[in-house]
Amino acid sequence: MLDFFLLRRQRYQKKMMKYMRYVLNDHFVLVCLFLVGGLAFYYSNLLKQLSPDFPWSLPIVGIIWWLILPFGRLATLVEPADMAFLLPKEKEMGGYLSRGLRHSLAWPFSIETFVCGALLPLVVLAKQVSFVHFFFFLVMLWCLKVGNLRIQRFACYQTTKKQTQQFMFLWFIVSGGIIFISLYSFAWLGTILALAAALGFILLTQEKDRLLDWSSMIERENMRLHRMYQFINLFTDVPEIEAKVRRRKYLDGLLAKISFKQENTFLYLFARGALRGAIFGGLFFRLLIVGAVLIVSLADFRFVVEVSVLFIYLIGFQMIPLYNQFDYIGATQLYPVAKKYKKAALQRLMAILLFAAAVIFSLCSLVHLSIFETLILFAVLLIEIGLFAWLYLPARIKKMEG
């Protein structure tokens, strides 16, 4: 079963690497660097303004560490057909699941390392300790996560649902207690308690000749993969996700404003796809909501401008694939429309959508900015929209057609 899991993992990683080429493209990496740099600058300035007697430093760190612990699911890599074909090998699936647990540690360990390192300056500021304590805190978080994944492994067996819920509740309470003990006493004490907790949950979750709950295990794996594919689907088409068309009758008034002319053929199709399609419509509203929430939470004018410019670009960039969305329709081939109309339609729709986003971002900025600063922000976004729609977009379309 070891070789079988390695084969499954190799196939899974190969598939993910294929998708990562589209996710980690030059534009997304550049945007991430820009965003991380801005957040780091904002965070460093915030740390300089905090005094050592700031009472909320340790509670903030403890709550964030506590909330990130459940992040990361057990990757069993099982498939629906395994219910029939792997049934004769059920007694050997314990080792297979243990391999899956070890495979599942990499991603949550990486997230916990990053978050622990990012919040450590707050701990150092509050307790006046050295940065060496980072390793004690990190090992503590890792041990607690091992206990969490061990409970998820236990949930793969039959008649364990009630026990799993009890163990998860116990683990969550114990983890919070250990985190705050380590923050308010000694870091090494938290590490020892976390190690003891991990060993305790390993002993509590022994399967003891239980039978696997194949249906539940396959359903959990499908849900885990679906969440990953939803994220990847923001960057490229994922065959594993079936797109759904929604009626959204309340938006029909917007489509009615498009006159029935030959040059508006693609404008109507693009607008229809953006409003009714789950891919582009959902993408637009998700980015719009995330950007608005970030802008409302920021008070620094420069950072508000940077985030607004970033999300206008993200919205526009992610909507570009709409250009080829209707090429498969036979009607567009039987009754061809000049390409100049097609390109102009996407430019017009993009300008309208980005203008709406710019208005919403500007209104959100009024929470912390003055009217004058908001007008400057709106002017900057209008300039960006013009450059995007009439300079960047035609270049991208030309590249896509070439």
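This is a predicted model: local features need pLDDT of at least 70, side-chain atom pairs count only at pLDDT 80 or more; totals for chains, interfaces and linings use all residues.
The protein chain contains 17 helices and 0 strands. Its C-alpha trace spans about 70 × 60 × 40 Å along the principal axes. Of the 402 residues, 43% count as buried. Contacts between residues at least 6 apart in sequence were also examined, and 82% of these join residues at least 24 apart. The accessible surface of the chain comes to about 22400 Å², and carbon and sulfur atoms account for 69% of that area.

Charged side chains were considered next. The chain carries 43 positive and 24 negative side chains. The centres of these two sets lie 3 Å apart. Side chains of opposite charge can pair when their charged atoms come close. In this model the count of salt bridges comes to 7.

One of these salt bridges is formed by the side chains of arginine 8 and aspartate 82, with an N to O distance of 2.8 Å. A second pair consists of arginine 153 and glutamate 207, whose side chains meet in a salt bridge at 3.0 Å, N to O. This pair also links distant parts of the chain: arginine 153 lies in helix α7 (residues 133-154), glutamate 207 lies in the loop between α9 (187-204) and α10 (214-232), and the two are 54 residues apart. Arginine 153 has a relative accessible area of 3% and is therefore buried, the limit for that class being under 20%.

A further salt bridge joins aspartate 300 to arginine 302, with the closest N and O atoms 3.6 Å apart. The relative accessible area of aspartate 300 is 26%, so this residue is partly exposed. Salt bridges with shared partners also connect Arg8, Arg11, Glu79 and Asp82 into one network.

On the surface, a nonpolar patch is formed by Phe355, Val359, Leu363, Leu366, Ile371, Leu375 and Leu382. Together these residues have about 640 Å² of accessible area. Helices α16 (339-365) and α17 (371-401) each supply at least two residues of the patch. Phenylalanine 355 is found in helix α16. Its relative accessibility is 41%, and phenylalanine 355 therefore counts as partly exposed.

Glutamate 112 is found in helix α6 (residues 106-127). This glutamate is buried because its relative accessible area is 1%, where the class requires a value under 20%. When residues up to four places away in sequence are not counted, glutamate 112 touches Ile68, Leu69, Leu138, Leu141, Trp142 and Lys145. The C-alpha atoms of glutamate 112 and alanine 155 are separated by 23 Å, and these residues are 43 places apart along the chain. Arginine 227 lies in helix α10. With a relative accessible area of 41%, arginine 227 is partly exposed. A distance of 15 Å separates the C-alpha atoms of arginine 227 and proline 70, which are 157 residues apart along the chain.

Backbone angles were considered last. Most residues other than glycine have a negative phi. Threonine 159 has a positive phi, near 55 degrees. This threonine is found in the loop between α7 and α8 (161-184). Its relative accessibility is 69%, and threonine 159 counts as exposed because the class covers values over 50%. Lysine 208 likewise has a positive phi, near 50 degrees. The loop between α9 and α10 contains lysine 208. At a relative accessible area of 67%, lysine 208 is exposed. Glutamate 207, the salt-bridge partner of arginine 153, is in the loop between α9 and α10 as well.

Notes: Residues are numbered from 1 along each chain as its sequence is written. Side-chain values use heavy atoms; hydrogens and water are left out. Patches are made of residues with over 30% relative accessible area and no salt bridge: like charges are joined within 9 Å, nonpolar side chains (Val, Leu, Ile, Met, Phe, Trp, Tyr) within 5 Å. Accessible areas come from the Shrake-Rupley method with a 1.4 Å probe; for residues, only the protein chains shown count as cover. A salt bridge is a side-chain nitrogen of Lys or Arg within 4 Å of a carboxyl oxygen of Asp or Glu. Helices (H or I, at least four residues) and strands (E, at least two) are DSSP runs, numbered from the N terminus. Buried means under 20% relative accessible area, exposed over 50%, partly exposed in between (1.4 Å probe, protein chains only). Contact means heavy atoms within 4.5 Å. Lys and Arg count as positive and Asp and Glu as negative; His and the chain ends are not counted. The place of a charge is taken as NZ of Lys, CZ of Arg, CG of Asp or CD of Glu.
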